[in-house]
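Here is a friendly briefing to read alongside the model. Please have the sequence and the 3D view open as you go.

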Protein chains: 2
Amino acid sequence: MSDDVSPALNIAYLGPEASFSHQAAIEVFSPSTNVLHPIPSFSAIFSAIQSSTHDFAVIPIENSTNGSVVQVLDLLSQCGLDSSAAYPDLEVVAEYYLPVHHCLFVSSTSTNPDIRTIYTHPQVWGQCNKYLSSNFPPNQVERIDVGSTSAAAQLVSRDGNASNAAIASKLAGQRHNLICLAENIEDEPGSNTTRFFVVRNRHQRTTGLEQYLSSRPNQKQKYKSLITFTIPHTKPGALADALAVFNQYHFNLTSIDTRPSRKRNWQYVFFVECEEADNGNTGSIDDEEENLKNLLTDLQKFTESLRHLGRFQDQLLREDGIHSKS
Amino acid sequence: MSDDVSPALNIAYLGPEASFSHQAAIEVFSPSTNVLHPIPSFSAIFSAIQSSTHDFAVIPIENSTNGSVVQVLDLLSQCGLDSSAAYPDLEVVAEYYLPVHHCLFVSSTSTNPDIRTIYTHPQVWGQCNKYLSSNFPPNQVERIDVGSTSAAAQLVSRDGNASNAAIASKLAGQRHNLICLAENIEDEPGSNTTRFFVVRNRHQRTTGLEQYLSSRPNQKQKYKSLITFTIPHTKPGALADALAVFNQYHFNLTSIDTRPSRKRNWQYVFFVECEEADNGNTGSIDDEEENLKNLLTDLQKFTESLRHLGRFQDQLLREDGIHSKS
């Protein structure tokens with residue numbers, strides 16, 4: 001109907017195929033119009049964006065149960081605009097929350113499975129405890145740990161034995177042509193969520209996120225900013241002073257994290273996310289950007305190596321879970 | 001010479017024997033007068049202190065390169081004095097900094113070793129890069145990963161093959177009767193340090209730390225406190241307000257960390273360490289305790305589930321590395 005077809009984008013995610021990162025990438029960038037590439041390590045993904053061999057990357061930053069992905073924080077601390085940054089051109093342009101669901105799969109060749117052995121990642125047993133205790137008690141069914149839920153699905157698919165089952169994501173089951181016997185078998189469906197960042201090269205400013213963003217409810221039009229900094233070690237109290245600047249400009253902190261600076265022992269890099277408070281004013285997006293700019297200027301008085309790594313729509317649905325770090 | 005011999009204390013540490021936790025336990029509690037017990041998991045160690053089957057435990061909390069030990073933070077968030085705490089009686093009574101050094105070992109039966117294969121934990125290769133590149137370049141010597149440096153030492157000891165070597169701690173080499181060919185082969189000796197907490201049951205108030213503390217330089221007589229809290233999710237800006245209370249009472253933050261609360265998605269437990277600022281006053285320890293008490297009372301206005309988990313001498317030598325989280 002239209003000639004206005006965008007060229008396919010190259011999207012990087014942490015492999016293997018059918019990983020949770022793959023699932024997140026599919027949900028942000030449709031595979032029917034983009035090319036999704038599994039990349040073997042987080043550092044290779046950051047390099048792919050820095051060198052512009054890929055247009056966007058989808059990177060897990062935090063899980064609601066397990067906390068921050070520290071390898072990603074360490075790589076983010078090497079972004080920014082100063083001369084020593086390894087990935088100075090990376091910027092965060094969106095976030096995405098992926099609910100983590102588990103399914104029970106058997107091989108497609110098993111017409112009437114009599115399950116004797118279940119394979120999955122060791123963390124998953126505890127997450128599906130109620131379902132497994134009722135249906136597959138440990139004294140009747142053997143439980144074997146494997147390295148990932150993806151690997152569990154692959155193992156059951158290759159083996160084809162009717163007595164074997166895997167607990168894995170829906171995507172992993174589909175990729176390996178398995179039959180799903182039960183969906184969402186986790187104890188508290190919806191309670192386990194992984195948050196992802198979508199990143200790109202700030203000089204390329206590639207477009208292609210519009211479809212994803214227009215499909216997301218963001219009625220409040222809230223924007224978060226990711227900011228990293230260190231604190232001068234000669235200024236005790238500087239962290240409290242720095243955080244007071246956010247209050248002063250009516251920005252709430254939605255997240256704060258620390259990692260070793262690796263430049264000096266017991267010195268840390270701070271990762272702060274913030275968004276403008278709901279204070280009844282009806283300021284425009286331009287006003288908010290101006291406020292943020294002033295906040296960053298003031299923040300420099302209390303920090304070193306201050307870097308603004310991106311600004312993006314808040315995708316957390318307030319009715320599902322409220323940010324409460326600030 | 002004296003009848004005043006204290007009974008032996010039972011000290012818990014994370015096993016196996018010859019681990020870095022074992023080494024830290026030895027340096028705090030002399031094995032000649034105490035009994036040191038390897039315990040297989042952190043949660044079993046916390047239970048041992050809660051149930052008073054052991055007098056003290058020595059627990060790693062943070063590494064200068066790798067950051068916080070998140071499993072320990074998650075267990076510390078289950079301490080404190082409220083009704084839902086799993087380990088309400090645990091308190092932190094000391095800290096200890098262990099420099100992490102690596103040595104090259106061969107089997108005691110090798111009189112003239114011709115090393116063809118080296119075993120160690122995968123993280124160690126990068127830490128000993130300069131020594132290994134000069135002495136055992138990868139094109140001449142095979143490098144094999146094992147689960148721990150302790151396991152590498154054990155493997156070389158059992159095998160007895162003159163062409164095998166292990167990189168491990170001095171303690172692991174001694175335990176397995178290995179011959180040390182080179183000490184402190186890490187790239188930057190002294191740069192990799194692990195910080196430990198010494199914990200006990202607050203009702204037992206077992207003594208036995210005096211010898212350790214009297215042997216430590218603490219000329220400033222500085223005391224740190226460990227405090228945990230959550231932030232009410234209905235109060236944006238509360239974190240900045242909470243941290244301002246520390247400034248108000250002239251306490252510096254020496255450390256701040258967060259972990260998922262596991263009660264509500266995207267709500268976090270904060271771990272803050274603080275100590276009174278050097279502001280020229282010559283207040284007594286009693287004055288400082290009174291100040292801390294008032295600080296905690298004020299802090300309650302901005303926090304939920306506030307818990308004071310212990311107060312202990314600051315053991316960080318200021319000339320080696322300055323705390324700079326505040």
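The notes below cover a strand, a helix and a sheet in turn.

This is a predicted model, in which local features need pLDDT of at least 70, side-chain atom pairs count only at pLDDT 80 or more, and totals for chains, interfaces and linings use all residues. Residues are numbered from 1 along each chain as its sequence is written, chains are lettered from A and ligands numbered from 1 in the order in which they are written, and side-chain values use heavy atoms, with hydrogens and water left out. Helices (H or I, at least four residues) and strands (E, at least two) are DSSP runs, numbered from the N terminus.

**Strand E12 of chain A**

- Strand E12 of chain A spans residues 223–230, and eight of its eight residues are buried (under 20% relative accessible area, with exposed over 50% and partly exposed in between, for a 1.4 Å probe and protein chains only).
- In a regular strand, side chains alternate between the two faces of the sheet.
- Tyr223(A), Ser225(A), Ile227(A) and Phe229(A) point one way from E12(A), while Lys224(A), Leu226(A), Thr228(A) and Thr230(A) point the other way.
- E12(A) runs antiparallel to strand E15 (residues 304–313) of chain A, with seven bridges joining them; two strands pair if DSSP finds at least two bridges between them.
- Within E15(A), Gly310(A) is the bridge partner of Leu226(A).
- Six bridges, in the antiparallel sense, link E12(A) with strand E14 (residues 268–276) of chain A, where Cys274(A) stands opposite Ser225(A).

**Helix H2 of chain B**

- In helix H2 (residues 42–50) of chain B, the buried residues are Phe42(B), Ile45(B), Phe46(B), Ala48(B) and Ile49(B).
- Those buried residues fall within an arc of 155 degrees seen down the axis of H2(B), so they line one face of the helix; the arc is that of the directions from the helix axis to the C-beta atoms.
- Their cover includes strand E1 (10–14), strand E2 (35–39) and helix H3 (70–76) of chain B.

**The five-stranded sheet of chain A**

- Five strands of chain A form an open sheet with mixed pairing, in the order E8-E7-E9-E6-E10.
- Strand E8 (142–145) and strand E10 (179–182) of chain A stand at the edges, each with a single partner strand, so one side of each has no neighbour in the sheet.
- Strand E6 (residues 103–106) and strand E9 (residues 164–168) of chain A run antiparallel and are joined by four bridges, with Ala166(A) in E9(A) as the bridge partner of Phe105(A).

Technical notes. Contact = heavy atoms within 4.5 Å.
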